[in-house]
Amino acid sequence: VDPHANAPNISHAQLVSVLEAALDANPARRQPAEQLLQGWEPLPSYPSSLHAVATEPTVGTNQRWLAAVCLKNCVTRWWRPRPTGGVTEEEKAALRAALLRSTGEETLLPIAKQAALTIAKIARIDWPQKWPELLPTILTQIQQGTSDLTRTRSLLVLHTVVKELSARVVGPVRRHLQEASPQVFSFLLSLWQSAHPLALENIFAAETELITLKVMRRLLVYGFSRIDQSADATAFLEQGLGVMQGREGVLIDTPPPPPPPP
């Protein structure tokens with residue numbers, strides 16, 4: 001029996017309306033909407049419908065954010081195969097690609113963070129067997145991004161994914177992360193070396209430096225069985241110490257801002 005047979009279709013307008021009701025301060029309107037959203041989770045088309053709302057610029061910001069949250073929750077509960085309901089393999093492949101593409105272009109940080117968490121939740125289940133292109137695609141988006149926004153959003157996704165994967169301290173995921181870490185770390189080291197001289201003057205360079213350091217720190221802890229056997233890791237530790245000491249001197253020597261006028 002096909003578990004997806006006779007599954008109802010949810011229109012875009014219907015979903016936006018229910019999301020709006022779920023944000024209402026009146027419990028009489030909010031609670032039925034919340035129950036309806038949760039009841040739709042087993043439907044195979046629901047994740048894609050949520051993603052369409054979350055990425056639609058003409059929809060209200062609050063509805064878009066809630067759609068992104070609902071998508072993350074739906075993926076957490078229904079991404080793994082189930083005997084009844086859940087996401088089809090075809091929809092999973094399309095949604096994985098769409099999430100990476102849209103998150104790199106998302107202008108609103110709260111929505112981008114929810115999308116990055118969704119990608120990370122999927123990666124924890126699908127990477128690398130069903131999603132081998134995940135890390136290469138993120139690195140390509142960072143390297144070839146047409147704007148500072150695209151590059152920093154893709155870095156946010158990378159950080160969130162590595163954080164999620166590094167939580168798997170045992171099993172094949174840990175081994176696969178250690179296999180992928182040298183290439184990712186080498187890429188990030190080059191990016192960090194380019195960003196840190198500009199970080200005190202350029203907000204995007206500062207954000208790039210910060211996120212890059214966060215990812216590299218996790219890779220140092222969870223991505224290498226022997227740090228001393230990695231030329232890039234040891235180079236970063238040597239260079240990083242000197243840079244941080246120099247940065248500390250700059251901050252100490254910087255005069256405080258003038259007091260506000262009376």
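Student: Where is the place of L165?

Tutor: L165 sits in helix α8. Helices (H or I, at least four residues) and strands (E, at least two) are DSSP runs, numbered from the N terminus. The model is a predicted one, in which local features need pLDDT of at least 70, side-chain atom pairs count only at pLDDT 80 or more, and totals for chains, interfaces and linings use all residues. Residues are numbered from 1 along each chain as its sequence is written, and side-chain values use heavy atoms, with hydrogens and water left out.

Student: Does L165 count as buried or exposed?

Tutor: L165 counts as buried because its relative accessibility is 1%. Buried means under 20% relative accessible area, exposed means over 50%, and partly exposed is in between (1.4 Å probe, protein chains only).

Student: Which residues does L165 touch, not counting residues up to four places away in sequence?

Tutor: L165 touches A123, R124, W127, V173 and L177. Contact means heavy atoms within 4.5 Å. L165 and H176 are eleven residues apart in sequence, and their C-alpha atoms are 9.6 Å apart in space.

Student: Turning to the whole chain, how many helices and strands are there?

Tutor: The protein chain has eleven helices and zero strands. Of its 262 residues, 45% count as buried. Among contacts between residues at least 6 apart in sequence, 70% join residues at least 24 apart.

Student: What does the accessible surface of the protein chain come to?

Tutor: The accessible surface is about 13800 Å², and 57% of it belongs to carbon and sulfur atoms. Accessible areas come from the Shrake-Rupley method with a 1.4 Å probe; for residues, only the protein chains shown count as cover.

Student: Which residues of α6 are buried?

Tutor: The buried residues of α6 are I111, A112, Q114, A115, A116, T118, I119, A120, I122, A123 and D126. Their cover includes α3 (46-54), α4 (61-78), α5 (89-103), α7 and α8 (148-166).

Student: What should the 18 residues of helix α6 span?

Tutor: At 1.5 Å a residue, helix α6 (residues 109-126) should span 26 Å, and this agrees with its end C-alpha atoms being 25 Å apart. The expected span of a helix is 1.5 Å times one less than its number of residues.

Student: Why is α3 largely enclosed by the rest of the structure?

Tutor: Seven of the nine residues of α3 are buried, so the rest of the structure largely encloses this helix. Those buried residues pack against α1 (12-22), α2 (27-39), α4, α5 and α6. One of them is H51, which has a relative accessible area of 11%. Leaving out residues up to four places away in sequence, H51 touches L71, L95, A98, L99 and S102.

Student: At what angle do α7 and α9 pack?

Tutor: Helix α7 (residues 134-144) and helix α9 (residues 172-195) pack at about 10°, with their axes 11 Å apart. Axes are lines fitted to C-alpha atoms, for helices over the stretch in contact, and angles run from 0 to 180 degrees between N-to-C directions. The two helices are therefore roughly parallel to each other; angles under 35 degrees count as roughly parallel, over 145 as roughly antiparallel, 65 to 115 as roughly perpendicular and the rest as oblique.

Student: Which residues make the contact?

Tutor: L135, L139, I142 and Q143 of α7 meet A180, V184, F187 and L191 of α9.
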